[in-house]
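Here are some notes for a colleague who is opening this entry for the first time. Please read them with the structure on screen.

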Amino acid sequence: MTLPKLTPSDENYGKTMVNTVYADISKFPKNAYTHLLAAASPERQERALHYRKQEDALRCLTGEALLRYALGETLPLAKTPQGKPYIPSRPQFHFNFSHS
């Protein structure tokens, strides 16, 4: 499956302390949900399956896919006791998911 290009926010992506990556799910192919679900971590799959609307689940799955894109690799995620996701092997790397 080929998704539309995931777009860094500007030409300075990767050169600054803060980088933003976004995706317009309205431009995803019809089969994006199935492919993103299959590629997601088991925890993310479980979360996505609890959404009533497939569009909301797609947003959930896309967040993890964008993180993998930004890192250029797949790393296991963990959660703090407060529920914030982090990457155990890269404690200096801070990120946030926003779905809208």
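1. Read along the sequence, the chain runs β-β-α-α-α-β-β, and its secondary structure amounts to three helices and four strands. Helices (H or I, at least four residues) and strands (E, at least two) are DSSP runs, numbered from the N terminus.

2. The model is predicted, so that local features need pLDDT of at least 70 and side-chain atom pairs count only at pLDDT 80 or more, while totals for chains, interfaces and linings use all residues. Residues are numbered from 1 along each chain as its sequence is written, and side-chain values use heavy atoms, with hydrogens and water left out.

3. Of the 100 residues of the chain, 26% count as buried, where buried means under 20% relative accessible area, exposed over 50% and partly exposed in between, with a 1.4 Å probe and protein chains only. Among contacts in the chain with a separation of 6 or more, 43% come from residues 24 or more positions apart, a contact being heavy atoms within 4.5 Å.

4. Helix H1 (residues 32-39) packs against helix H3 (residues 54-71) at an angle of about 50 degrees, with the axes 9 Å apart. That makes H1 oblique to H3, since angles under 35 degrees count as roughly parallel, over 145 as roughly antiparallel, 65 to 115 as roughly perpendicular and the rest as oblique. Axes here are lines fitted to C-alpha atoms, for helices over the stretch in contact, and angles run from 0 to 180 degrees between N-to-C directions.

5. On the H1 side, the contact is made by Ala32, Tyr33, Leu36, Leu37 and Ala39, and on the H3 side by Gln54, Ala57, Leu58, Leu61, Thr62, Ala65 and Arg68. These residues of the contact of H1 with H3 divide into nine nonpolar, two polar and one charged; Ala, Val, Leu, Ile, Met, Phe, Trp, Tyr, Cys and Pro count as nonpolar, Asp, Glu, Lys and Arg as charged, and the others, Gly among them, as polar.

6. Glutamate 64 lies in helix H3 and counts as buried because its relative accessibility is 6%. A polar atom of its side chain lies 2.8 Å from the backbone nitrogen of serine 41. Not counting residues up to four places away in sequence, glutamate 64 touches Ala40, Ser41, Arg44, Leu77 and Phe97.

7. Isoleucine 25 sits in the loop between strand E2 (21-22) and H1, and counts as buried at 18% relative accessibility. Isoleucine 25 touches Glu55, Leu58, Arg59 and Thr62, again leaving out residues up to four places away in sequence.

Note on methods
A polar contact is a pair of N or O atoms within 3.5 Å; within protein, one must be able to donate a hydrogen and the other to accept it, and residues adjacent in sequence count only if both atoms are side-chain atoms.
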